[in-house]
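Open the model in your viewer and keep the sequence panel beside it. This tour tells you what to select at each stop.

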Amino acid sequence: MRQEWISRAVPEHTGHPAPQITQRACAHGDFHAANPTTGPTILDWEGWGTAPRALTPATLYL
């Protein structure tokens with residue numbers, strides 16, 4: 001998830017200015033309730049990369 005995309009998409013969908021992302025971390029990309037298995041195993045890592053910090057837990061929360 002690049003800053004360019006965030007700068008374009010946030011105002012387009014919310015009408016508010018986009019934040020400047022200063023902290024990035026490794027992220028799953030499309031993490032959802034079907035990805036975790038029993039134990040500490042996660043399936044479906046094809047969408048991983050860097051993204052704003054806490055994107056993966058926020059996506060799972062939503």
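A residue counts as exposed when its relative accessible area is over 50%, and as buried when that area is under 20%; partly exposed lies in between. Keep those cut-offs at hand. One caution before we start: this is a predicted model.

**Stop 1: the whole chain**

Show the protein chain as a cartoon. Follow them from the N terminus, and the order is α-β-β-α. Now turn the model around. The C-alpha trace spans about 40 × 20 × 15 Å along its principal axes. The radius of gyration is 13 Å, while a compact globule of 62 residues would have one near 11 Å.

How many of the 62 residues count as buried? The share is 18%.

**Stop 2: His 16**

Select His 16. Look for this residue in the loop between H1 and strand E1 (24-27). Is His 16 buried or exposed? His 16 counts as exposed, because its relative accessibility is 51% and the cut-off for exposed is over 50%.

Next, show what surrounds the side chain. Setting aside neighbours within four places in sequence, His 16 is in contact with Val 10 and Pro 11.

**Stop 3: helix H1**

Select residues 3-14, which form helix H1. Begin with Gln 3, which lies in this helix. Gln 3 counts as buried because its relative accessibility is 17%. Which residues does Gln 3 touch, not counting those up to four places away in sequence? They are Pro 19, Gln 20 and Ile 21.

Compare their surroundings. Glu 12 counts as exposed at 53% relative accessibility, whereas Arg 8 counts as partly exposed at 46%.

**Stop 4: the other salt bridge**

The structure holds 2 salt bridges. Arg 2 counts as exposed, with 60% relative accessibility. Glu 4 also counts as exposed, at 53%.

Now colour by charge. The protein chain has 4 positive and 5 negative side chains. The centres of these two sets lie 10 Å apart.

**Stop 5: Ala 54**

Move along to Ala 54. This residue sits in the loop between strand E2 (49-52) and helix H2 (55-61). Ala 54 is partly exposed, with a relative accessible area of 43%. Ala 54 and Ala 25 are 29 residues apart along the chain, yet their C-alpha atoms are separated by 7.7 Å.

Finish with contacts across the whole protein chain. Take those between residues at least 6 apart in sequence: 42% of them join residues at least 24 apart.

Key. Residues numbered from 1 in each chain as written. Predicted model: local features only at pLDDT ≥ 70, side-chain atom pairs only at ≥ 80, totals over all residues. Heavy atoms only, no water. Salt bridge = Lys/Arg side-chain N within 4 Å of Asp/Glu carboxyl O. Buried < 20%, exposed > 50% of the residue type's maximum accessible area, 1.4 Å probe, protein only. Helix = DSSP H or I, 4+ residues; strand = E, 2+ residues; numbered from the N terminus. Contact = heavy atoms within 4.5 Å. Rg over C-alpha atoms; globule rule 2.2 N^0.38 Å. Lys, Arg positive; Asp, Glu negative; His and termini not counted. Charge placed at Lys NZ, Arg CZ, Asp CG, Glu CD.
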